[in-house]
Amino acid sequence: MSNNDIFKKLRVALMLRDDDIVGILELVDFKISKSELGAFFRKEDHPKYVECGDQILRNFLNGLVIYLRGTKEKPKNPGEVLLSKGEASVQKSPSFKKKRFNPKNLDITPVKYKNKGKPRT
């Protein structure tokens with residue numbers, strides 16, 4: 001299993017977006033852009049694929065510890081961090097079904113067509 005695979009699996013398991021990963025890496029003073037980060041998550045046969053080095057994965061894991069547990073001065077409960085992240089992502093985007101048009105909510109009366117003729121045989 002490569003570093004890229006580990007990085008991908010952690011990203012999916014913790015429901016992290018690119019912004020979150022960039023923020024986690026900044027906790028350990030490691031600067032990376034979203035485009036550089038996106039190259040790690042591509043397929044291996046893609047021309048823009050980049051192999052994730054040990055240094056990047058190490059810094060991400062160290063930043064992840066600070067992100068989830070906090071520092072010695074300000075400790076956090078990792079369970080609460082993950083739950084608050086999950087609730088925030090649910091609140092950001094309502095489900096598609098809730099956004100859909102629902103004609104039952106509107107006061108529309110049925111329309112009678114004047115030109116409705118006899119059915120053709």
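**Exercise 1. Packing of α1 against α4**

Determine at what angle helix α1 (residues 3-13) and helix α4 (residues 54-69) pack, and how far apart their axes are.

*Solution.* Step 1: the angle between α1 and α4 is about 25°, and their axes are 10 Å apart. Axes here are lines fitted to C-alpha atoms, for helices over the stretch in contact, with angles running from 0 to 180 degrees between N-to-C directions. Helices (H or I, at least four residues) and strands (E, at least two) are DSSP runs, numbered from the N terminus.

Step 1: α1 is therefore roughly parallel to α4. Angles under 35 degrees count as roughly parallel, over 145 as roughly antiparallel, 65 to 115 as roughly perpendicular and the rest as oblique.

Step 2: α1 and α4 cross in a left-handed sense; a crossing is left-handed if the near helix is turned anticlockwise from the far one by less than a right angle, and right-handed if clockwise.

Step 3: on the α1 side the residues are N3, I6, F7 and L10, and they meet D54, I56, L57, F60 and L61 in α4. Contact means heavy atoms within 4.5 Å. By class, the contact of α1 with α4 comprises seven nonpolar, one polar and one charged residues. Ala, Val, Leu, Ile, Met, Phe, Trp, Tyr, Cys and Pro count as nonpolar, Asp, Glu, Lys and Arg as charged, and the others, Gly among them, as polar.

*Basis of the values.* The model is predicted: local features need pLDDT of at least 70, side-chain atom pairs count only at pLDDT 80 or more, and totals for chains, interfaces and linings use all residues. Residues are numbered from 1 along each chain as its sequence is written, and side-chain values use heavy atoms, with hydrogens and water left out.

**Exercise 2. Packing of α2 against α4**

State the angle at which α2 and α4 pack, and identify the contact residues.

*Solution.* Step 1: α2 and α4 pack at about 90°, with their axes 7 Å apart. The arrangement of α2 is therefore roughly perpendicular to α4.

Step 1: α2 contributes I21, I24 and L25, while α4 contributes I56, N59, F60, G63, L64 and Y67. The residues of this contact of α2 with α4 divide into seven nonpolar, two polar and no charged.

**Exercise 3. Salt bridges**

Find how many salt bridges a search of the whole structure gives, and describe each pair.

*Solution.* Step 1: the search of the whole structure finds two salt bridges. A salt bridge is a side-chain nitrogen of Lys or Arg within 4 Å of a carboxyl oxygen of Asp or Glu.

Step 1: R11 pairs with D18 in a salt bridge whose closest N and O atoms are 3.4 Å apart. R11 is partly exposed at 25% relative accessibility, and D18 is partly exposed with a relative accessible area of 23%. Buried means under 20% relative accessible area, exposed over 50%, and partly exposed in between (1.4 Å probe, protein chains only).

Step 2: D19 pairs with K34 in a salt bridge whose closest N and O atoms are 2.5 Å apart. This pair links distant parts of the chain, with D19 in helix α2 (residues 18-26) and K34 in helix α3 (residues 34-40), 15 residues apart. D19 is partly exposed, with a relative accessible area of 46%, and K34 is partly exposed, with a relative accessible area of 46%.
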